[in-house]
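Please consult the sequence and coordinates shown here alongside the text.

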Amino acid sequence: MPRIQTLRKSAGCPCFKKNSSELRATSGRALECKRSSISQKLAPFISHDIRHHLATINCNVEFMSDPGICQTDRDQLLDEVRGTIRDMTDLLDSYLLSVRTERTVHLQQNSLNLLIRHVVDMLRSHPDARECEVVICEAASIQARIDNQRLGAAVYNLLLNACQALKGRSPLKRVEIALQQDGSCNYIRVQDNGQGVPDSIRNVLFHPFISVEKMGGVGLGLTIAQEAARAHGGCLILEESSPGKTVFVLQLPNHASESSVTEALLE
């Protein structure tokens, strides 16, 4: 009985209350620091992708303002603008969810085939892709645990990077995307018929703000794709690069789970 009374007295003393208050404050600061770290790491990537969505909207609005355009084409352009705005909203929602939950990926079972088709539809509205033939190679249906927003951004940036690499090239500008699967991994291959990656930047290709001047962009596309692959427990590699054929491969584990994902952005 005396021990219980002593503990009760201790719980009510100013020192105990002070320590408890300091502990809550320290915990709150740690949580805020972690959220701030996630926000700082994701913000440049979100800004980069929104910039490309705005470029699509601006391009479509210019086409729509042409007095000679028919109503059918104007309606189609308007639908593309609405779709792009929805994608921007989803992107921002994904960013806010990551900050709130302190996780950079949120995995769900989804179709990789549907994701690729959606991304290609988005890409075709971008001004840098309008002169390119973007081809989806036939593939068996593949389901995987993925973060649709993060992986979609990765595929979009890989395709846009390929289209930008074809600027100033011959009239035949072709980009192919293929989906494959083996026992342990899923592979998304993006191939273009440009001049290849210059030797001068191959060692720093996935670093932020690295790009070829003629390609345009700010040099974050491949970094975004690489970080998304890592966040899914996979990787991005330059498989082949030569005049007329450049191939990037986004490799993802076949059975990724929320607990096994490597969140490289927090390292």
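The sections below proceed from the overall architecture to cavities, a pocket and individual sites.

## Overall architecture

The model is predicted. The protein contains 6 helices and 7 strands. Read from the N terminus, these elements follow the order α-α-α-β-α-β-β-α-β-β-α-β-β.

Of the 267 residues in the protein, 43% are buried. Among contacts with a separation of 6 or more, 74% are between residues 24 or more positions apart.

## Helix α6

Helix α6 (221–231) is mostly covered, with 10 of its 11 residues buried. The buried set consists of Gly221, Leu222, Thr223, Ile224, Ala225, Gln226, Glu227, Ala228, Ala229 and Ala231. After α6 comes glycine 233, which has a positive phi near 85 degrees.

Across the whole structure, 3 cavities of 30 Å³ or more are found. The largest cavity holds about 130 Å³ of space. Its lining comprises 14 residues, and those closest to the centre are Leu42, Phe45, Ile46, Arg150 and Ala153.

Several helices take part in this lining: α2 (14–64), α3 (71–101), α5 (148–165) and α6 (221–231) each contribute at least two residues to the largest cavity.

## The second largest pocket

The volume of the second largest pocket is about 260 Å³. This pocket is lined by 14 residues, of which His118, Met122, Asn148, Gln149 and Gly152 are the closest to its centre. Helices α2, α3, α4 and α5 are the elements that give two or more residues to the lining. The largest share, 5 residues, comes from α5.

Methionine 122, one of the residues closest to the centre of this pocket, belongs to helix α4. Methionine 122 counts as buried because its relative accessibility is 17%, below the 20% cut-off. The C-alpha atoms of methionine 122 and aspartate 87 lie 8.8 Å apart, although the two residues are separated by 35 residues in sequence.

## The loop between α4 and β2

Two residues of this loop are described here. Aspartate 128 is found in the loop between α4 and β2, and its contacts beyond four places in sequence are Leu160, Cys163, Gln164 and Lys167. Two polar contacts involve the side chain of aspartate 128: one with the side chain of glutamine 164 at 3.0 Å, and another with the side chain of lysine 167 at 3.3 Å. Aspartate 128 and alanine 55 are 73 residues apart in sequence, with a C-alpha to C-alpha distance of 9.3 Å.

Arginine 130 also lies in the loop between α4 (112–123) and β2 (133–136). Because its relative accessibility is 33%, arginine 130 counts as partly exposed. When residues up to four places away in sequence are not counted, arginine 130 touches Cys59, Asn60, Phe63, Leu77, Glu80, Arg124 and Ser125. Its side chain reaches the backbone oxygen of serine 125 at 3.2 Å. Between arginine 130 and cysteine 163 the C-alpha to C-alpha distance is 8.9 Å, at a sequence separation of 33 residues.

## The loop between β5 and α6

Glycine 194 is located in the loop between β5 (185–192) and α6. With a relative accessibility of 1%, glycine 194 therefore counts as buried. Apart from neighbours within four places in sequence, the residues in contact with glycine 194 are Leu166, Ser242, Pro243, Gly244 and Lys245.

Cysteine 163 is 31 residues away from glycine 194 in sequence and 8.8 Å away in space, C-alpha to C-alpha. Cysteine 163 is also among the contacts of aspartate 128.

## Aromatic rings

What is the count of aromatic pairs in the model? The count is 0 aromatic pairs. A charged residue does lie over a ring, however: arginine 189 is placed over the face of tyrosine 187, at 5.6 Å from the ring centre.

Technical notes. Residues numbered from 1 in each chain as written. Predicted model: local features only at pLDDT ≥ 70, side-chain atom pairs only at ≥ 80, totals over all residues. Heavy atoms only, no water. Phe/Tyr/Trp six-rings, centres within 6.5 Å; stacked < 30°, edge-to-face > 60°. Lys NZ or Arg CZ within 6 Å of the ring centre and 35° of its normal. Helix = DSSP H or I, 4+ residues; strand = E, 2+ residues; numbered from the N terminus. Buried < 20%, exposed > 50% of the residue type's maximum accessible area, 1.4 Å probe, protein only. Contact = heavy atoms within 4.5 Å. Polar contact = N/O pair within 3.5 Å; in protein donor to acceptor, adjacent residues only side chain to side chain. 1 Å grid on protein atoms, 1.4 Å probe; cavity = no way out; pocket = protein on both sides within 12 Å on 5 of 7 lines; lining within 4 Å. Points joined across faces, edges and corners; volume = space filled by probe spheres on them.
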